[in-house]
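Here is a guided look at one protein, written for someone new to reading structures. Take a moment to turn the model around before reading on.

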Amino acid sequence: MSLSRAAEAEVPAAARTAPLLERAVLGLLAAYLLAQCFSLPVLAAGPSWALWPTLPDLLVWAALGCALLYHRPPGAAWRPVGWGLALLVALAFCSFGLLFVMRDARLASAVPFGLFQLYKLVQALAVFGMVSRLPLRPTVLARWGRAALPAFVVMVVSIAWTYFSPALPRALGQVLPHGAGVSGPWESYYLHNEPGLGMVGYNHGYVALQVTLLSAAVLMLRPRSSNVWVLGAALAACFLSGSRAGLAGCLLFALLEWRRLPVRAGLLLALLGVAGLAAAPWLDQQLGGLAARQSTLLEAGNSGNLAGRSEIWHSYFQAFAEDPYRLLVGSGFGSAINNNSNAHSTPIQVLYETGVAGVVALGLLFWALFGQLRARRTLRAGVALNLLVGLALTALTQETFYPNSAFSGSLPLLAFVLALALTPERGSAGSSEQ
């Protein structure tokens, strides 16, 4: 048989394989959504605790393995954002190489953190790329919605459970990877029983961020359902998480979303108010300290309520003053450890590690993203715009849009939500846009 005939004979087999692979990716991404309620490490594999894989991590890599076996171009709406994200990842690799040029005193510590950050950025790019290449028909979106909703409910329930009882973290600490001096901050989750973490992570800000992101996914995937309660549950979970920035961001997101359904939102808030008054004595006993902490949001201008951030920011500005050259090129991806702590502010973190180049690249990405979302004029795009406004508020005091180790899986989930928001209204990625 000639080479041309052999090639022709292989085409039907490839054509039959691609739909099977697509269905596998769609199923694995549905499982990825469902697994968001449990994002603790499941294997002590990798060079450090920061790289220990979670169940969502394993599902992403499995889905990517299937997606790489067939070729399908992304739709036009996804391309500008995809290219912007790819540019950001390329810049991050260059910035990681800068670590070895700067050779700061804590290079040995900066390298593992830089590797983790690259790992998460690549994962976010992979998730966005996979979603942008899939045939997202209404039946697929409905199936994903049936995975996202129980994941959200379990996440909220687990946060409430771990606020009122340490039983869950103690039980998990017996079976999940752990070890003093090995598991780093995960020891605080397993041993110190900090309240309100659920089965999400060891950082309160990350817990609130995941709740907000997953609630947005539920709103996008269940557009014909009454989802007013979802935002109410998200606010309750963010409150119990203890994250002030997370609560503020979720509240802003909820208020922007509730403008569409003011009557239902008003009724929900009234019911919550009545329930709160009825349970006031019990709530005061159980939640008095937490309420006092969260109420400091009303005094955002008081530096005493910044939990040491003013001192952290001062140390970063001092580093800029001592070496202004770092403002241009940064100090290298993962170099925040030089200041003993992350910047607890996305703009400062980006500027310190990647310089003006990183700020420009991130700005171009969001410019492309906002342009595409405004052009869509769909319910999903509207949810994403409101979500980004809420997250931008949290970015002032935490690394919301940066892949630091404390916010482990947030960027891949954000990439999923944003790719979902760019889906055409009819839910078909195989439309004329392809």
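The report below moves from the whole chain to single residues.

## How to read this model

This is a predicted model, in which local features need pLDDT of at least 70 and side-chain atom pairs count only at pLDDT 80 or more, while totals for chains, interfaces and linings use all residues. Residues are numbered from 1 along each chain as its sequence is written, and side-chain values use heavy atoms, with hydrogens and water left out.

The pLDDT is the predictor's confidence in each residue, from 0 to 100. Its mean for the protein is 85, and 83% of the residues reach 70 or more. Over residues 1–8 the pLDDT is below 50, and beyond near neighbours in sequence this stretch has one contact in the model (a contact means heavy atoms within 4.5 Å). Residues 427–434 also have a pLDDT below 50, and beyond near neighbours in sequence that stretch has 25 contacts in the model. Where pLDDT is low, the predicted coordinates should not be read in detail.

## The overall fold

What is the protein built from? It has 17 helices and zero strands. Both kinds of element are DSSP runs numbered from the N terminus: helices are H or I with at least four residues, and strands are E with at least two.

Of the 434 residues, 54% count as buried. Buried means under 20% relative accessible area, exposed means over 50%, and partly exposed lies in between (1.4 Å probe, protein chains only). The accessible surface comes to about 18,900 Å², and 68% of it belongs to carbon and sulfur atoms; such areas come from the Shrake-Rupley method with a 1.4 Å probe, and for residues only the protein chains shown count as cover. Among contacts between residues at least 6 apart in sequence, 77% join residues at least 24 apart.

## Cysteines without a bond

A disulfide is a covalent bond between the sulfur atoms of two cysteines. Here the term is applied to a pair of cysteine sulfur atoms within 2.5 Å, and the structure holds zero of them.

Cys-250 is buried, with a relative accessible area of 1%. Cys-66 is buried as well, with a value of 19%.

## Spaces inside

The structure holds five cavities of 30 Å³ or more. On a 1 Å grid over the protein atoms alone, a cavity is a set of points where a 1.4 Å probe fits but cannot get out, and its lining residues have an atom within 4 Å of a point. Grid points are joined across faces, edges and corners, and a volume is the space filled by probe spheres set on the points.

The largest cavity holds about 370 Å³ of space. Its lining has 23 residues, of which Leu-85, Leu-88, Leu-121, Leu-362 and Leu-365 lie nearest the centre. At least two lining residues come from each of H3 (79–102), H4 (107–132), H15 (346–376) and H17 (410–421). H15 gives the most, with seven residues.

Most residues other than glycine have a negative phi, and most peptide bonds are trans. Arg-103 has a positive phi of about 50° although it is not a glycine. Arg-103 sits in the loop between H3 and H4 and counts as exposed, at 56% relative accessibility.

His-344 has a positive phi too, about 55°, and is not a glycine either. His-344 lies in the loop between H14 (326–329) and H15, where it counts as partly exposed at 24%.

## Residues that meet across the chain

Is Phe-152 buried or exposed? At 1% relative accessibility, Phe-152 is buried. Phe-152 belongs to H5 (residues 138–164), and its C-alpha atom is 6.3 Å from that of Leu-214, 62 residues apart along the chain. Leaving aside neighbours within four places in sequence, the contacts of Phe-152 include Val-211, Leu-214, Trp-229 and Ala-233.

Leu-418, found in H17, is buried at 9%. The C-alpha atoms of Leu-418 and Phe-128 are separated by 7.8 Å, although the two are 290 residues apart along the chain. Not counting residues up to four places away in sequence, Leu-418 touches Phe-128, Leu-369, Ala-384 and Leu-388.

Notes. On a 1 Å grid over the protein atoms alone, a cavity is a set of points where a 1.4 Å probe fits but cannot get out, and a pocket is an open set with protein on both sides within 12 Å along at least five of seven lines; lining residues have an atom within 4 Å of a point.
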